[in-house]
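Subject: Structure handover, with notes on one helix, the pockets and the cavities

Dear colleague,

I am passing on the structure below, and my notes on it follow. Please read them beside the coordinates.

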Amino acid sequence: MKNYMQIFQGTAFTSKSPKEIQILKDYLFCINTDGLIEKIVAPGEPEYQTLLDAYQGKPNFHSLNEGQYFLPGFVDLHVHAPQWAQSGTALDIPLYDWLHTYTFPLESKFSDLDFAKEVYDDVVSTLLANGTTTALYFATVHKEASILLAEICASKGQRGLVGKVVMDDPEGNPEIYRDANTETALADTEEFIIAVQELAKTTKQGVYPVVTPRFIPSCTDEGLKGLGELAAKYDTYIQSHCSESDWAHGYVQDRFNKNDAFALNDFGLLRDKSVMAHCNFLDNDDVELFAETGTAIAHCPVSNAYFANSVIPVKEFHSKGVEIGLGSDISGGFSPSLFDNIRQAVISSRMLEDGVNPSIPAENRGVPDSRITVNEAFYLATAGGGESLSLPIGRIEENYVWDVQVIDTKLPTARLPIFNENEDLHDVFQKMMYLVRPEHIREVWVQGEKVHTR
């Protein structure tokens, strides 16, 4: 019999397809030294009892208690790590004012590495405690602090994809917060990429450098072109904001006489490893371009309610072959929890389908066939995020990594309303999606290592 590093026993929920949940009731999950799920064994299979006899009672055998379940770790495709320090403030003003009054002055403070360490330590720990095992981070313009964020992800066991932000246009950025010039922005980005790729060699769960033009309004043409070339040279991920709000979308049309998607593509910034946040105002040609280039969308439903001036037709874009995952967009989104974003994704999609202006007749009020189910929103937070990053994450399946959260529905201080011990597991799953809070997340594992316990 093969030796496994660890074996877990319990009931797991994972996405079978964008619309269907697969329930693995009382299965065994066999994890190898690389932290991958090498074998999944169902209770009826002959090997099941053999494995139980061999491993039960040993330190590397983990069995869930009654009322506990495995979910895949969440994949957060859009987090502004420094903005954790202002989460929950100033969400009532327009995007441009919010950036210039609050956000840019805050981000400028990350030249101080002690301050950066305090905030970054806390945001990575907080996201892990919320079940987020992989996060795609915007840092700041500061090279050293951005490398520090990657080091913190590596040491805390989170799979971190980190970008040193580029803001090289003196016209589009405040004097107190920007790259000194285009040349230093590109040189710092290249040094950052090399440093993080070096760090990755000793990081089991992986850390990755990300080429990160903040968005077109903050970058020069030369800067955008140089970033596209660096991404190609080092084969890195790319992230930015795309067509988020009326203001940002209009700005790019005025400057380039085309939409964000085509402008970004001209600079080599749309590729299979690209993830663009928001994308609320994509037209049909933009959507086709995303599907063709393999560019993914980070859907940020909580943040969009505050800053995007619209509800993104996420179901329509998904149906056209665009990869989509979920993003918290701290701090445009106030919550570090993808559970909250799963809920809001469902709510926003229903508001888009039904429409929101009661003075318009019901039949003209909304956009038909826009609603998504909680199963679909869960898929975006897990498997959709994994597909967007082209990594074997987001599913509890053989040859995927063991990234899981252990949910306790019987927590004495916050029991979920499950009163029938034979409750249909599909209903248990829905109750978890709508009612789980961080205290229900008892353990979090990344790549076969326990990284959080409560």
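In helix H15, which spans residues 425–435, the buried residues are Leu425, Val428, Phe429, Met432 and Met433; buried here means under 20% relative accessible area, with exposed being over 50% and partly exposed in between, for a 1.4 Å probe and protein chains only. Seen down the axis of H15, these buried residues fall within an arc of 140 degrees, so they line one face of the helix, the arc being that of the directions from the helix axis to the C-beta atoms. Helices (H or I, at least four residues) and strands (E, at least two) are DSSP runs, numbered from the N terminus.

Please bear in mind that this is a predicted model, in which local features need pLDDT of at least 70 and side-chain atom pairs count only at pLDDT 80 or more, while totals for chains, interfaces and linings use all residues. Residues are numbered from 1 along each chain as its sequence is written, and side-chain values use heavy atoms, with hydrogens and water left out.

The cover over the buried residues of H15 includes strands E1 (6–15), E2 (21–31), E5 (68–72) and E14 (404–408), together with helices H12 (338–354) and H14 (374–389), where contact means heavy atoms within 4.5 Å. The N-terminal end of H15 is capped by Asp424, a side-chain oxygen of which lies 2.6 Å from the backbone nitrogen of His426; a polar contact is a pair of N or O atoms within 3.5 Å, and within protein one must be able to donate a hydrogen and the other to accept it, with residues adjacent in sequence counting only if both atoms are side-chain atoms.

On a 1 Å grid over the protein atoms alone, a cavity is a set of points where a 1.4 Å probe fits but cannot get out, and a pocket is an open set with protein on both sides within 12 Å along at least five of seven lines, with lining residues having an atom within 4 Å of a point. Grid points are joined across faces, edges and corners, and a volume is the space filled by probe spheres set on the points.

The largest pocket holds about 480 Å³ of space. It is lined by 24 residues, of which Glu66, Gly67, Tyr69, Glu421 and Leu425 are the closest to its centre. At least two lining residues come from each of E1, E2, E5 and H15, and E1 gives the most, with 3 residues. By class, this lining has 7 nonpolar, 10 polar and 7 charged residues, where Ala, Val, Leu, Ile, Met, Phe, Trp, Tyr, Cys and Pro count as nonpolar, Asp, Glu, Lys and Arg as charged, and the others, Gly among them, as polar.

For the second largest pocket the volume is about 180 Å³, and of its 15 lining residues the closest to the centre are Ser310, Val311, Ser348, Met351 and Leu352. Helix H10 (301–307) and H12 are the elements that give two or more residues to this lining, and H12 has the largest share, 4 residues. The lining of the second largest pocket divides into 7 nonpolar, 7 polar and 1 charged.

The count of cavities of 30 Å³ or more comes to 2. The largest cavity contains about 110 Å³ of space, and among its 14 lining residues His80, Leu95, Leu99, His241 and Glu244 are the closest to the centre. The elements giving two or more residues to this lining are helix H2 (95–108) and H10, with the largest share, 3 residues, coming from H2. Its lining has 5 nonpolar, 6 polar and 3 charged residues.

The second largest cavity has a volume of about 50 Å³, and the residues lining it include Phe215, His241, Glu244 and Asp260. Strand E10 (237–242) and helix H7 (246–256) are the elements that give this lining two or more residues, which divides into 6 nonpolar, 2 polar and 2 charged.

Lastly, a note on one single residue. Thr126 has its place in helix H3, residues 113–129, and is buried, with a relative accessible area of 18%. Its side chain reaches the backbone oxygen of Asp122 at 2.7 Å, and, leaving aside neighbours within four places in sequence, Thr126 is in contact with Trp84 and Pro336.

With best wishes
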